[in-house]
Each structure stands twice: as C-alpha cells, then as structure tokens.
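Okay, thanks for coming, everyone.

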Amino acid sequence: MRLALYDDGAGPRTGLVSGDRILPSGVPGGMIDLIAGWEALRADLARLEASGQGIDLASVRLLPPVPRPGKIFAIGLNYADHIAESGMETPPHQVWFTKAVTSVTGPYDPVQIRKVSQTVDYEAELVAVIGRGGRHISREAAADHIFGYCVGNDVTERLWQHRTPQWSLGKSFDTHAPIGPWITTADAVDPHALDLDCTVNGEIRQSSNTRHLVFDVFDQVAHLSQAMTLEPGDLIFTGTPGGVGAAMTPRRFLQPGDVVRCGIEGLGHIENRFEPEV
C-alpha cells in the first residue's frame with residue numbers, strides 16, 4: 001500500500017495512492033496518527049484502496065509524507081564505494097548524525113541554497129519510517145517495527161559539515177531533507193534489493209543497489225534502539241552510495257537552477273529544483 005500526505009486545495013490530508021489516483025484515507029489527524037493506529041486501520045484502508053475511487057494524482061500537491069517527524073537520524077559511510085571516494089576506512093561501528101526536523105520538505109518542492117552556502121551536495125537514500133515504536137529491538141524483530149519506506153535526499157552543505165567534527169549542522173539546513181513521494185508499506189518492500197539512482201539535470205550521478213549497504217536497515221534499527229526509544233513516524237536515512245559531487249575532480253556542487261532527481265525501484269522518485277534563498 002502507498003500512503004501519501006497531500007493537498008487538493010482543502011488542506012493537508014492523508015490518502016491512498018492507487019495507480020494514477022489518490023483518495024482520502026478518512027483517518028483523522030496526520031500521517032503519524034495513521035501510522036500509530038495502523039493495526040486497527042489497515043483492513044479498512046485495504047478495502048478503501050480496492051474500491052477504485054479517488055481523483056487524478058496529478059491534480060494534487062504531494063507534501064512530505066511525515067512533515068514533522070519526532071526524530072530524523074541518518075547513517076554515514078554505509079556503502080563501500082562512498083567510503084572509498086571519501087578516503088575513509090570502513091567504520092567498525094555505525095556512524096550516526098541527526099538532521100533537524102525543519103529540514104524536511106516535499107518531494108517536488110524547491111530546495112534552498114542558503115545565503116551562506118557554496119558547497120551544497122546531494123545524497124540519494126532509502127528512508128525507513130518507524131511504525132511500532134520500541135527500545136532494545138533485536139535485529140530479528142526490527143522488520144516488525146518498520147512501517148514503510150520512501151525516497152530521500154540527504155542534502156548536505158559540505159563546508160558546514162566538515163569544518164567541525166560534528167556533522168549535524170551541515171546536514172540540517174532548512175529544506176535539506178526532501179522525502180516522498182509517499183510511503184510504501186513494508187509488506188510490499190524488500191529493503192535490501194532495491195536499485196537507487198540520482199541524476200542532476202538529467203545526468204546520472206549515483207547508481208547502486210541497497211544490497212550494498214554495509215550495515216543493513218535491520219541492523220540500523222536495532223542499533224539505534226539500544227540508545228533511544230524509537231517512535232511512530234521517526235525517519236532513518238539509511239546511507240548513500242558513491243557519486244557525490246564532493247568526491248568528483250573537480251568537485252561539482254549544486255548551483256541555482258539545478259534539478260536533482262532521486263529514484264528507488266518500486267518506491268517512486270522525488271525531484272527538486274535548487275533555488276537561492278531570498
């Protein structure tokens with residue numbers, strides 16, 4: 001099942017995407033409310049999806065499916081080719097940083113190049129959305145705690161990222177976490193067998209498969225949950241493959257007017273134009 005947050009002119013609401021149509025879920029509240037109540041709602045939503053109702057998907061604005069997650073965590077150095085191009089060694093432990101919730105933006109919305117930015121980069125990633133919360137989740141149980149998956153771009157201001165040992169500030173600029181276009185529920189996804197790619201103005205920059213993750217998605221959920229309670233709607237950016245602009249010779253950072261498209265097999269794509277802050 002594919003679940004979106006959308007606006008058809010009547011304000012944000014959750015909906016079901018079926019083919020090229022979308023229909024309101026009828027669930028009060030936002031996406032986190034739907035996720036938290038999923039077990040009680042899923043049968044009715046499945047019947048609604050099968051009804052064939054709805055309106056043209058192209059007629060609505062798709063919003064970030066979780067616009068204000070409680071937490072956003074992202075793992076670094078998690079594909080071998082990205083580790084190599086970064087001149088680093090494979091980390092013995094998972095390397096984590098946070099992104100501010102104010103960095104979230106929609107799947108087709110503009111992304112800002114801030115006034116202080118000169119080194120903005122892209123990172124296409126599979127994003128896991130937590131469903132059933134918990135702490136001390138075992139790797140074997142981790143799949144049961146993931147509600148679904150979507151596409152993300154861990155947009156990064158490289159100068160701000162690397163001028164201090166802590167990466168979070170350079171990862172947290174406003175609009176620097178576009179996600180979407182919807183959440184595909186976990187029962188329809190093998191998260192470790194997905195092609196993903198990123199293009200800039202139509203030029204392929206990244207191309208890989210999630211089977212190349214160093215620490216897979218279930219390892220990530222288990223590890224994070226040892227330190228904190230994971231909650232419905234929390235987002236986990238699971239790592240980016242090689243091909244980032246900072247690793248090119250010469251380096252190729254994003255400029256105003258550039259269009260970045262990140263796609264993942266079976267999950268759809270997001271596409272954002274980079275615009276200067278005004």
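**Rings, cores and strands**

Let's start with a charge on a ring: the charged end of arginine 163 sits over the ring of tryptophan 160, 4.1 Å from its centre. By that I mean NZ of Lys or CZ of Arg within 6 Å of the ring centre and within 35 degrees of the ring normal. Arginine 2 does the like with tryptophan 182, lying over its face at 4.6 Å from the ring centre.

Quick housekeeping. This is a predicted model, where local features need pLDDT of at least 70 and side-chain atom pairs count only at pLDDT 80 or more, while totals for chains, interfaces and linings use all residues. Residues are numbered from 1 along each chain as its sequence is written, and side-chain values use heavy atoms, with hydrogens and water left out.

How many aromatic pairs does the structure hold? Four. Rings of Phe, Tyr and Trp (the six-membered ring for Trp) pair if their centres lie within 6.5 Å; planes under 30 degrees apart are stacked, over 60 edge-to-face, and the rest tilted. Take tryptophan 38 and phenylalanine 147: their ring centres are 5.1 Å apart and the planes stand at 90°, so that's edge-to-face. This pair links distant parts of the chain, 109 residues apart, with tryptophan 38 in helix α2 (residues 38-49) and phenylalanine 147 in strand β12 (residues 146-153). Helices (H or I, at least four residues) and strands (E, at least two) are DSSP runs, numbered from the N terminus. Tryptophan 38 and phenylalanine 147 are buried, and buried here is under 20% relative accessible area, with exposed over 50% and partly exposed in between (1.4 Å probe, protein chains only).

Now leucine 3, in strand β1 (residues 2-7). Leucine 3 is buried, at 0% relative accessible area. Leaving out residues up to four places away in sequence, leucine 3 touches a list including Trp38, Phe147 and Trp182, where contact means heavy atoms within 4.5 Å. Isoleucine 183 is 180 residues from leucine 3 in sequence, yet their C-alphas are 5.2 Å apart.

From β1 we go to strand β2 (residues 12-18), which runs antiparallel to β1 and is joined to it by six bridges; strands pair if DSSP finds at least two bridges between them. Four residues separate β1 and β2 in their hairpin, and glycine 9 in the turn has a positive phi of about 105°. Then β2 pairs with strand β3 (residues 21-24), antiparallel again, over four bridges. That hairpin has two residues between the strands, and glycine 19 takes a positive phi near 65°.

Over to the open sheet: five strands, order β9-β19-β18-β15-β16, mixed pairing. β9 (111-113) and β16 (203-209) stand at the edges with a single partner strand each, so one side of each has no neighbour in the sheet. Within it, β18 (residues 259-264) and β19 (residues 268-276) pair antiparallel over six bridges, and valine 259 has arginine 273 as its bridge partner in β19.

Last bit: nonpolar cores, meaning sets of buried Ala, Val, Leu, Ile, Met, Phe, Trp, Tyr and Cys residues joined through side-chain atoms within 4.5 Å. The largest has 39 residues, and among those touching the most other members are Tyr149, Leu267 and Phe274. Elements giving two or more residues to this core include β12, β18 and β19. A second, separate core of 27 residues includes Leu23 and Leu34.
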